[in-house]
Every structure is written in C-alpha cells, then in structure tokens.
Amino acid sequence: MSEVTITLDTRLYQPPTAKDITKGKQYVLKRNANANELKKTIDGILMNAVGEIFELIYKYPQKGKDLSFSENKALEEEVQEVLDDAEQEIYELIQSYALNCTEDEKFKNMLLLYILSLGRGNRNLRTTLHTYMKRFMYDIEALAAAYTHKGYSYTTAVTKAKTSIHSVYTQPEVKEAYSVPGMKAIYIASKGIHYDFETGKGTKGISNNGIINVIMMAEATVHMAWMRAEGLEFEQNGAAGYYQLRGSNYPCAACDEQVGFHKGIEGIYTDPLVHLHCCCYRIPIYPQNNFTNGIINII
C-alpha cells in the first residue's frame, strides 16, 4: 500500500487503520468492476436490438427519405416491441447491479426506493430510461434512413449500424442525409439535434446518442447506490464523518477539493459521486478522545 497522509484532530476522532483504508479502496474497485460489467451487458442488449430492428426495417418497402417509424404503424409496433423487451431487461439489470453492494435486506429496501426515484428532469428511473430508449429508437431510424438512402444491403447496413450507433451523427452518410430534401426520419430532419419529446425543447448536458445516455444513466445509478450504501453502513456503525482520498493520479480539481475530513454523513447522500467516473474513496471516521492532535501517516 502506498503511503497515505491524513490530517485529523485526534482529540476528537479516532485515526483510521490501514485495514480501514484498504477496505475503502477495495470497495471502489468492486463498485467500478460491477458498473463496468453492467455497461457491457447493456451495450450487448442494445446492440442486439439494433440488429433485430434493422431486420424489421428491411422487411418493409419504405426506405431512404420515406423511412419513418411514426408514419409506418406496423413497423413502429414491431420496433417498439423489441425496445420494450430491451428496456425491461435493462431496468431490472440496473436494480440488480445497484443492489449488489450489500446483503443487508434493510439496506436493499432503502436503496431500491432511492434508485427508483432517480432520474433526469423531474423524471424517475423508469421514465428517464424510457425517454432515452425512445431517443435510441430514433437514432436507429436515422442510421437506417441514411444507409438505405445509399442503397446499402441489409448485411452492410446492420454491420455499419452496430459500429456507428455510439456516434450516429458523425457518420458521413448521416451528415450527407441532412441535405437530402424530404427525409422523414426525425433526427435527420433535426440534423442530429435531440429534442425532449414532452417539452419540445433541446436537451442540454447529455449526449445526442441515445445508447450512450442509457449506459451512462445505468452506470451513474449503480455508482450512486453503492456510495449511498457505504454511507448507510458508516452511519449505522456510528461514524462521525468520513475522510475522502484520491483513488487515482488523474488531474481533477473537483476531486482535489473533496480530499479531507467531512464531518457528518450528509455529503454522501447529497453528492454520492464527485463525477461519474470518480475513483475517490471514503473512510469512516469515528469519535475518539484518547489521542492527541497530529498528522497521521499510514503505510
């Protein structure tokens, strides 16, 4: 273990042990491994959905500028069925991976209520996921419209779609389609700008690729659940606060600002993560009166 320097008023607080620090580091490593496994699983589900939807698209005559899910109700229903199945699977996976952090049933119940309430723009987890899946659907429509306009075969189109679904609006065929008169695909007509289907306003602070938003939302939800579970454990064990330490050498002013002692547990609940891919770790600090002031070096 590398040397860790902790500054703490030891008249009031018990110094953490090397075991405490190791446990904090290991928890973050497990949390990240858990989230990475979820991301890969979700990506695979959505890739399979791309293949299934392209197969459906090629069954119908409407292609190129005439391709529109909303104007072909039979196709739209089949596409929506594929996405509904994928959405339900992802929804259940998010919950499962979020609750992998604890075996305590009381904690699991508390965490489940917490994660189901998480969402963007006053939406909960379910409605946020559904919104992002809908945008993912129209990303597929955009790619399909652009590729069929070029006359690509099913095999060529689906292969290209699976390699470009994470960066739809940088694809040359999609950019070319922006200038084709009469293209009906929603995100071709908007030139790649995603609009909120409820408010009609542009989306800010998120990717304009639906698959990325689905995966990032799932990842963030799981990270937040794990950090909240850690806070619940600290609180249950009587911690007076926590000490936050950097888990990587990557330059990050936001993480640097959080290094040090945080009195109370509230910060874990209000700001579970400094940022999405944060590797900082937390150590519980317990009240103690049997030590003197000093800087503690734990190796």
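A salt bridge is a side-chain nitrogen of Lys or Arg within 4 Å of a carboxyl oxygen of Asp or Glu. The structure shown above is a predicted model, and a search of the whole of it finds 10 such salt bridges. One of them joins the side chains of arginine 11 and aspartate 9, with a distance of 3.1 Å from N to O. Arginine 11 is partly exposed, with a relative accessible area of 47%. Aspartate 9 is also partly exposed, at 22%.

A further salt bridge brings together the side chains of glutamate 87 and arginine 126, at 3.9 Å from N to O. This pair links distant parts of the chain, for glutamate 87 belongs to helix α2 and arginine 126 to helix α4 (residues 125-149), 39 residues apart. Buried means under 20% relative accessible area. Glutamate 87 has a relative accessibility of 5% and therefore counts as buried, whereas arginine 126 counts as partly exposed at 29%.

Another salt bridge is formed by arginine 246 and aspartate 256, whose closest N and O atoms are 2.7 Å apart. Arginine 246 is placed in the loop between β2 (241-245) and α9 (253-258), and aspartate 256 in helix α9, so the pair ties together parts that are 10 residues apart in sequence. Arginine 246 counts as partly exposed, at 21% relative accessibility, and aspartate 256 counts as partly exposed at 45%.

Glu52, Glu55, Glu81, Asp84, Asp85, Glu89 and Glu92 form a negative surface patch. Two or more residues of this patch are given by each of the elements α1 (18-57) and α2 (73-98). Helix α2 supplies the largest share, namely five residues. Glutamate 81 lies in this helix; the residue is exposed, because exposed means over 50% relative accessible area and its value is 52%.

Helix α3 (residues 105-117) contains leucine 112. At 26% relative accessibility, leucine 112 counts as partly exposed. When neighbours within four places in sequence are left aside, leucine 112 is in contact with Gln95 and Leu99. From leucine 112 to alanine 240 there are 128 residues in sequence, and the two are 25 Å apart in space, C-alpha to C-alpha.

Lysine 191 is found in the loop between α7 (186-189) and α8 (210-236). The phi angle of lysine 191 is near 60°, a positive value in a residue other than glycine.

Notes:
Residues numbered from 1 in each chain as written. Predicted model: local features only at pLDDT ≥ 70, side-chain atom pairs only at ≥ 80, totals over all residues. Heavy atoms only, no water. Patch = residues over 30% accessible without salt bridge, like charges linked within 9 Å, V, L, I, M, F, W, Y side chains within 5 Å. Areas by Shrake-Rupley, 256 points an atom, 1.4 Å probe, with all protein chains shown as cover. Lys, Arg positive; Asp, Glu negative; His and termini not counted. Charge placed at Lys NZ, Arg CZ, Asp CG, Glu CD. Helix = DSSP H or I, 4+ residues; strand = E, 2+ residues; numbered from the N terminus. Buried < 20%, exposed > 50% of the residue type's maximum accessible area, 1.4 Å probe, protein only. Contact = heavy atoms within 4.5 Å.
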